[in-house]
Amino acid sequence: MKTFMTFAILTLLVYETTSDQASSYIIDNSVGYGRTFNGIGAISGGGATSKLLVNYPEQQRSEILDYLFKPNFGASLHIFKVEIGGDIQSTDGTEASHMHYGWDEDYTRGYEWWMLQEAKKRNPNIKLYGLPWGFPGWLRDAEDTPWKNIPTTADYIVKWINGAKVHYNLTIDYIGIWNESPYNVTYIKTLRKALDMGGFSNTLIIAPDQNGWPIVEDITKDKELFDAVYAIGSHYPRSSSPELAQKTGKPLWASEDSTGNLAKTLNQNYVTGLMTSTIFWNVVTSYYYGLPDYNAGLMSAGVPWTGHYEVRPPIWMTAHTTQFTEIGWKYFKHGYGVGNFTNGGSYVVLTSPDEQQLTIIIETLSQDPSECTRPARFQYLKNLKEQIVNFQLKGKFAGSIESLNAWYSRPGYSKVPPVYFKKMDPVMVQNGSISLTIKQNEVWTLTTVTTGNKGSYPNIPDSGPFPIPYAEDFEGYSVGEEPYYFAQQIGSFEVGESDGNKFMKQMVIDEPVHWYWCHVDNGNTSLNVFGDYQWQDVSAAVAVQLQGQNTSDAVFLAVRATSGGCVALNETGLFMFFYPKEQRFVLTVDLLQHNVLMSGKVNKVTNNWDVLTLQVKGSRLTGAVNTEELFDIKTPVEISNGWVAVGTYPYGIAWFDDFQVSQL
């Protein structure tokens, strides 16, 4: 995900027409082909966007994964891109690094390994892509970049790729540099050499995975860099690429793009930008309501306690392309199978490498159907009416096709009932000519491919609120596993074990290398939210302990916590900070302890497991440590609802156990 800057708006000229006169377009491969199609994908991460999926009931979890990855069922993705966890906040949470510290290596952390396996299980041909949004603190230099020791950073990434192979038999096909952050030419060259030396010469570099096309000039001037980079990846390119990028001959990718108005994006990224791959953020909205960019995914699965999920329109808009193409197909040339319609909309034509299959994808979308909060990609002119288009087949396909299978979608605008991915009667080809009447806001796929399918599962469970009372002792988890319902926002929390007892452990001890657009990790505090953003009157308790080396100074328990993501440092709520070594507490209404309600001494400190308790009902707040009541006060009226949360100040090791929350 990115923070938007000012870009020129791409205007698609759409003229009103009420004429019955048809417009004609040629489909001809005798003039040669355009660029090679590199596939359509989506992203898990950037960050923690799939956090809640792993805890879904097995049946619904499998169904969700089928809608995303199973060929000829739903989105049928060609590429799956994941975040390489770096212990940093990267939009909706933090994802754990495989190396919290230089002496640490663990390839069981997080859920991306599981997601990669599930994608590959459903589609053995899917391509896998890894990209770091940030890096753990031991790789950080004085400028807050990961270039302190470039060979060490390259080795860190190669170890992740090797971990995928050794532990999960997964081949990482593509690797990125540093999400939407300044690239380093020496690092890219060093990474290429490290990959080759590590036996991963087939893992291709996509660079820079940054907004715009800043690397193009460097690539044209530096042959070693040119050779190191397989494809130039731009984020949110608005279907435009510079002529200099096109002249490099490198594949051009929209290596992150928005699910808003997805079908138009897929066509226009090639029609006007010559981009041969588009990868959407994000694959599934599987994070708490109240966190940033809710419903930005291809589908939604944010309530695992019920099993409810939503198959949203982007699934079917993606299917119009993905179910009828494969990586390696060829686009036709502009003017001979690729272009904009005279009266609005666009079309692209692709064929299989053996020239046995043909697919035509048409869109006339004039509005943005997305519920996503991203800015509009296009200026939509809403006066498009019905038009008749004729395609004339020439070259190899002239006379060889009698009919085309047809799939149709119409988003629901102006009270028009929506239709998504409906199989229509075949479109006949007469004397090499195809005639089709198309209206405003339609998507059509005409294809020789016969395997298209609108998959479905019956009886999706109803949604419902988070179930409380809730208690967690962490005994059911494996060591290193991330507890399911805790959505870490700053820092990294995983299950630890000591003397046969399991607990949740905060692991970050140094300020990490943050994502360029998100500085929340610089606050030197950790935050982990839990439950329901709408909670108001609750009782929460947790046992805490600071044990061993590199410990934090304080731990906290909070109720009515309101913020997450890259604005988490602006968090308001009711926070009770406990400093066991100093035997004191601080009660604040903010995460950074700037607005203190009261503070005082704690008499009952065990130097073992200390139990923190907070209760809030209406405007009354009480707090205790080890049953010693510390306060009973009236709360600020503006803090009315939010999550329960735990965390530390500053970064440092801390243990949490016997977590409980109940309704009052």
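I shall speak about links between side chains, then about a pair of helices, and finally about some backbone details.

The model is predicted, and local features need pLDDT of at least 70, side-chain atom pairs count only at pLDDT 80 or more, while totals for chains, interfaces and linings use all residues. Residues are numbered from 1 along each chain as its sequence is written, and side-chain values use heavy atoms, with hydrogens and water left out.

Let me begin with the disulfide, a term that stands for a pair of cysteine sulfur atoms within 2.5 Å. How many disulfides does a search of the whole structure find? The search finds 1. Its partners are Cys-518 and Cys-566, with an S to S distance of 2.2 Å. These cysteines belong to distant parts of the chain, 48 residues apart: Cys-518 is in the loop between β28 (501–506) and β29 (527–530), and Cys-566 is in the loop between β31 (554–561) and β32 (572–579). Helices (H or I, at least four residues) and strands (E, at least two) are DSSP runs, numbered from the N terminus. The torsion about the S-S bond of Cys-518 and Cys-566 is about -115°, so the disulfide is left-handed.

Are the two cysteines buried or exposed? For this we need cut-offs: buried means under 20% relative accessible area, exposed over 50%, and partly exposed in between, with a 1.4 Å probe and protein chains only. Cys-518 has a relative accessibility of 0% and therefore counts as buried. Cys-566, at 29%, counts as partly exposed.

I turn now to salt bridges. The term requires a side-chain nitrogen of Lys or Arg within 4 Å of a carboxyl oxygen of Asp or Glu, and the structure holds 22 of them. One of these joins Lys-51 and Glu-482, whose closest N and O atoms are 2.8 Å apart. Lys-51 lies in the loop between β4 (39–44) and α1 (58–69), and Glu-482 in the loop between β25 (470–472) and β26 (486–490), so this pair ties together parts that are 431 residues apart in sequence. Lys-51 and Glu-482 are both buried.

Another salt bridge is formed by Glu-105 and Lys-159, with the closest N and O atoms 3.9 Å apart. This pair also links distant parts of the chain: Glu-105 is in the loop between β5 (79–84) and α2 (112–122), Lys-159 is in helix α3 (residues 150–168), and 54 residues separate them. Glu-105 is partly exposed, with a relative accessible area of 44%, and Lys-159 is partly exposed at 26%.

Lys-221 is exposed, with a relative accessible area of 67%, whereas Glu-217 is partly exposed at 47%. Elsewhere, Asp-66, Glu-118, Lys-121 and Arg-122 are linked in a network of salt bridges.

Next, the helix pair. The axes of helix α8 (residues 262–271) and helix α9 (residues 313–322) come within 8 Å and cross at roughly 30°. Axes here are lines fitted to C-alpha atoms, for helices over the stretch in contact, and angles run from 0 to 180 degrees between N-to-C directions. The crossing makes α8 roughly parallel to α9; angles under 35 degrees count as roughly parallel, over 145 as roughly antiparallel, 65 to 115 as roughly perpendicular and the rest as oblique. Leu-262, Ala-263 and Leu-266 in α8 meet Pro-314, Met-317, Thr-318 and Thr-321 in α9, where contact means heavy atoms within 4.5 Å. In α9, 9 of its 10 residues are buried, including Trp-316 and His-320.

Finally, the backbone. A cis peptide bond joins Gly-46 and Gly-47, with omega about -10°, and Gly-47 lies in the loop between β4 and α1. The peptide bond from Tyr-649 to Pro-650 is cis, with omega near -10°. Pro-650 is in the loop between β38 (643–649) and β39 (654–663).

Phe-421 has a positive phi of about 55° although it is not a glycine. Phe-421 is placed in strand β22 (residues 419–428) and is buried, with a relative accessible area of 1%.
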